[in-house]
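Dear colleague,

I am passing on a structure for you to look through, together with some notes on what was found in it. Please keep the model open beside this message while you read.

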Amino acid sequence: EMLCDEHPNTIIKGLEKPVTVWKVLSQRDEPLQRNLLPFVGREAERAQFNSIIEAIPERGAGAAFILRGEPGIGKTRLATEWLVSARDLDFASHHVLVLDFGSAAGADPLRAIFRSLLGADKTEDAASLTHAANSLLKDADFGPDDEAFVYDLLGLPMSADAQDYYRAVENSTRNRRKIELVGRVLESKARLKPQILLIEDLHWANPLTLDLCANLTTRCSSCAALVLMTARIEGDPFDQSWRSATGNTPIYTIDLRPLTSSETRELAEISGVDQAEALATEIDKAGGNPLFLEMMIRSTADSQIDALSGNLRSMVQARIDRLEPV
């Protein structure tokens, strides 16, 4: 983890066998560090993504990707691989989650994306947030009418005049103005540096978040930006009505399939499972679902489960039960 990004493809020696480090992530990549298994398969999907994103900076026009699949099938794993590829092409990246059980104040997708675009997503310091707001409002693309919405999205106290203006606006208009503001900020930032936004788990999204995604997708047609969205097939929110609201932006929808039997075995073997052949039945039981396979590999590596459960829920529960109380 302490290696530098400047040394990709480094061979680490001194281990039982040499390991190639294809990409090293620093502390700023914390959301990406949760992917613990090596990446296997998805060659066609990666090739399609790379061919599109490589052309965005020159064309000055972007696209949108929708990754759909069952739980545990590898949507996040592939999406974060794509995020890393975009960073290698000097894209600024933004990553937010849609949660089904609420979120911290100011961390809903609308506010989270706005903060990330302004580079203020790592702070709650009022002075830093105020500085970010004032810097944006000094930009020629934004004006006094935006002040109330900028301050609201950053959770900052408004001036008396801004408060009066904000209260006089209907709630539906407020939401529309805030969505449009975030879209304009995306366009403004994309003129300086290509942008990629990853928005995960949109099967949990409310109408406001879906309207935001449609607006951002539309903006990509005229700026160097790409919006990458993930959702489960069950509860897929991207219906015809949503797609009709996205303008002329190209939208690529990919339904992730399970890993093939050979890919599943390869994943088990390069993950350090010495007894991969002994686990043949369990590997087949995973049915190409990477999350299920990961739980099997980890449970086997712990050497505390004599017989692997056939149920993913109970396997995860067994791992939780072995955690220290703290």
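Helices (H or I, at least four residues) and strands (E, at least two) are DSSP runs, numbered from the N terminus, and two strands pair if DSSP finds at least two bridges between them.

Before going further, please note that this is a predicted model, in which local features need pLDDT of at least 70 and side-chain atom pairs count only at pLDDT 80 or more, while totals for chains, interfaces and linings use all residues. Residues are numbered from 1 along each chain as its sequence is written, and side-chain values use heavy atoms, with hydrogens and water left out.

Strand 3 (residues 63-68) runs parallel to strand 7 and is joined to it by five bridges; in strand 7, Ile254 is the bridge partner of Leu67.

Helix 3 (residues 75-88) has 14 residues and reaches 20 Å from its first C-alpha to its last, close to the 20 Å expected at 1.5 Å a residue, the expected span being 1.5 Å times one less than the number of residues. This helix is mostly covered, with 10 of its 14 residues buried (under 20% relative accessible area, with a 1.4 Å probe and protein chains only). What covers these buried residues includes helix 1 (43-53), strand 3 and strand 4, contact meaning heavy atoms within 4.5 Å. Just after helix 3, Asp90 takes a positive phi of about 70°.

The structure also holds seven aromatic pairs, counted when the ring centres of Phe, Tyr and Trp (its six-membered ring) lie within 6.5 Å, with planes under 30 degrees apart called stacked, over 60 edge-to-face and the rest tilted. One of them is the edge-to-face pair of Phe65 and Trp82, at 5.2 Å centre to centre and 65° between the planes. This pair links distant parts of the chain, since Phe65 lies in strand 3 and Trp82 in helix 3, 17 residues apart. Both Phe65 and Trp82 are buried, and together with Phe49 and Tyr252 they form one aromatic cluster.

With best wishes

Notes: Buried means under 20% relative accessible area, exposed over 50%, partly exposed in between (1.4 Å probe, protein chains only).
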